[in-house]
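Please bring the structure up on your screens, and we can walk through it together.

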Amino acid sequence: MTIAGSKRRVLIVTGHHFAEAPRKVDLHFMADALRAGGDHVDFLACRLSFLSRFLKDGRFAYARQRPLNRWNLVGEGVEEFLWYAPFHPMNLKLPLLNALSAPLFRLYDRLLPKAVMDRMASYTHILIESGPPPLLTRRIRQAAPAARIIYHAADRLKTIRVHPCVEAALAEGIDDYDLIHIMAEAMRADFSDDAPLLYLPHGIAKDSFDRATESPYAAPRNAVSVGDMLFDARVIDILAAAYPDWTFHLFGKKALPSERRANIVVHGEVAFETIVPFIKSADIGLAPYRRSDGADYLSQSSLKMIQYSYCRLPIVAPTFAAGGRDHVCAYDPGDDASIVSSFRHAQTFDRTMIETASIRSWQEAVQLLFDHKDVK
């Protein structure tokens with residue numbers, strides 16, 4: 001634990017998120033909880049280079065509007081460094097190209113800017129998010145020998161399809177981590193028996209949900225889908241056609257149906273506080289994940305499924321993402337009748353039976369994660 005009266009200095013290394021963004025994810029909530037306790041948080045956002053111009057994830061368009069390659073104060077107790085490098089590791093899809101590019105991408109840590117390295121020794125905790133950041137851990141450990149380094153396994157590397165050299169770097173450098181934070185029991189088997197694992201599901205912003213007392217819906221029978229990771233548009237198409245008296249609300253930049261219908265509302269990417277009342281007042285929560293290698297961990301690690309559960313929503317999700325929650329009405333992604341049937345089941349599910357006592361606030365989750373020592 002931190003010494004009484006002392007404050008943490010935390011570095012979050014991420015290849016996916018910026019400190020300021022309309023869509024809040026786990027890292028933002030964790031940073032908010034840390035700052036609320038008086039800690040200082042720095043974000044190092046990597047995976048930006050000239051190659052980013054050719055990607056369609058929107059990160060480059062956002063980053064070019066911000067100061068690059070220097071520390072930028074974005075709020076009280078939080079700074080951000082958008083690292084625009086000469087290159088960054090990316091999956092080139094073809095095995096031969098990945099093999100040829102691996103030696104170059106393994107040099108990625110050599111490019112870490114001096115302004116970043118100058119701060120390393122000052123951090124008490126460094127959180128390395130899944131994605132490209134494990135390529136940086138060895139050099140970070142050398143520069144911050146006293147810091148507590150946590151690998152935040154938000155996703156399986158295979159599922160998010162990083163360059164294979166990142167998987168190799170994680171395996172080779174596992175001893176550089178003081179703690180491996182997994183958000184699903186299914187991920188325990190991904191690491192050796194002696195790895196310092198902590199299974200700790202996401203917290204949620206309970207105060208935000210508790211304050212949401214007014215419904216944003218103009219009519220009854222509303223289903224909500226939040227996020228666009230592995231988004232399966234086909235499921236939405238099938239449900240919207242089968243249930244024309246229901247309205248399907250989609251949140252997420254890439255959460256788009258294949259076919260526009262009057263009962264599908266596309267909200268796009270909006271602020272978290274805007275989404276909260278839509279979740280709180282919905283009748284059913286949707287988690288339409290498409291199949292992907294090793295995606296079974298999503299049943300426990302999905303933040304939206306935890307949020308749905310806190311609001312006591314029956315959840316419609318594919319069978320591979322349904323484990324561990326009795327209120328998930330599962331379907332076979334390849335069976336249209338199964339998809340329709342699971343939604344029908346959700347309509348009659350007894351919401352009073354959905355358990356919420358085990359769901360933690362972000363403040364509780366952060367304390368457990370950053371003060372945890374006794375890993376078994």
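Let me start with the aromatic rings. What you see is a predicted model, and it holds 17 aromatic pairs. Take F248 and F343 as our example: their rings form a tilted pair, with 5.4 Å from centre to centre and 40° between the planes. If you wonder why I quote two values, a pair of aromatic rings is described by the distance of the centres and the angle of the planes.

Where do F248 and F343 lie? F248 belongs to strand β10 and F343 to helix α12, residues 336-347, so this pair ties together parts that are 95 residues apart in sequence. Both F248 and F343 are buried.

There is also a cluster of aromatic residues to look for. F29, F209, F272, Y310 and W362 make up one aromatic cluster.

R119 lies over the face of W71, 4.1 Å from the ring centre.

Now, let's go back to strand β10 and see what surrounds it. Four of the five residues of β10 are buried, so this strand is largely enclosed by the rest of the structure. β10 is part of an open sheet of six strands, and the order is β11-β10-β9-β12-β13-β14, with parallel pairing. Which strands stand at the edges? They are β11, residues 264-268, and β14, residues 328-331; each has a single partner strand, so one side of each is left without a neighbour in the sheet. On average, neighbouring strands here are turned by 25° against each other, direction ignored.

Let's follow some of the pairings. Strand β9, residues 222-226, pairs with β10 in the parallel sense over five bridges. P318 has Y331 in β14 as its bridge partner.

A helix belongs in this picture as well. Helix α8, residues 233-242, lies across β10, β11, β12 and β14, and it runs at about 160° to β10. Together, β9, α8 and β10 make a right-handed β-α-β unit.

Time for the other sheet. Eight strands form an open sheet in the order β3-β4-β2-β1-β5-β6-β7-β8, and here the pairing is mixed. β3, residues 71-75, and β8, residues 197-199, stand at the edges with a single partner strand each, so one side of each has no neighbour in the sheet. Neighbouring strands of this sheet are turned by 25° against each other on average, direction ignored. Packed on the sheet is helix α1, residues 26-36, which touches β1, β2, β3, β4, β5 and β6, and its direction makes about 155° with that of β2.

On one side, β2, residues 40-49, and β4, residues 78-85, pair in the parallel sense over seven bridges. F43 has E80 in β4 as its bridge partner, and L44 stands opposite F81 in β4. With β3, on the other hand, β4 pairs in the antiparallel sense over four bridges. In that pairing, the partner of N72 in β4 is E80. β3 and β4 form a hairpin with two residues between them, and G77 in the turn has a positive phi of about 80°.

Is β4 enclosed or exposed? Seven of its eight residues are buried, so β4 is largely enclosed by the rest of the structure.

One last stop, in a loop. D176 is found between α6, residues 164-172, and β7, residues 179-182. Its relative accessibility is 12%, and buried means under 20%, so D176 counts as buried. Leaving aside neighbours within four places in sequence, D176 is in contact with T137, R138, R141 and I149.

Technical notes
Residues are numbered from 1 along each chain as its sequence is written. This is a predicted model: local features need pLDDT of at least 70, side-chain atom pairs count only at pLDDT 80 or more; totals for chains, interfaces and linings use all residues. Side-chain values use heavy atoms; hydrogens and water are left out. Two strands pair if DSSP finds at least two bridges between them. Axes are lines fitted to C-alpha atoms, for helices over the stretch in contact, and angles run from 0 to 180 degrees between N-to-C directions. Contact means heavy atoms within 4.5 Å. Buried means under 20% relative accessible area, exposed over 50%, partly exposed in between (1.4 Å probe, protein chains only). A crossover is right-handed if, with the strands pointing away from the viewer, the path from the first strand over the helix to the second runs clockwise. Rings of Phe, Tyr and Trp (its six-membered ring) pair if their centres lie within 6.5 Å; planes under 30 degrees apart count as stacked, over 60 as edge-to-face and the rest as tilted. A charge sits over a ring if NZ of Lys or CZ of Arg is within 6 Å of the ring centre and within 35 degrees of the ring normal.
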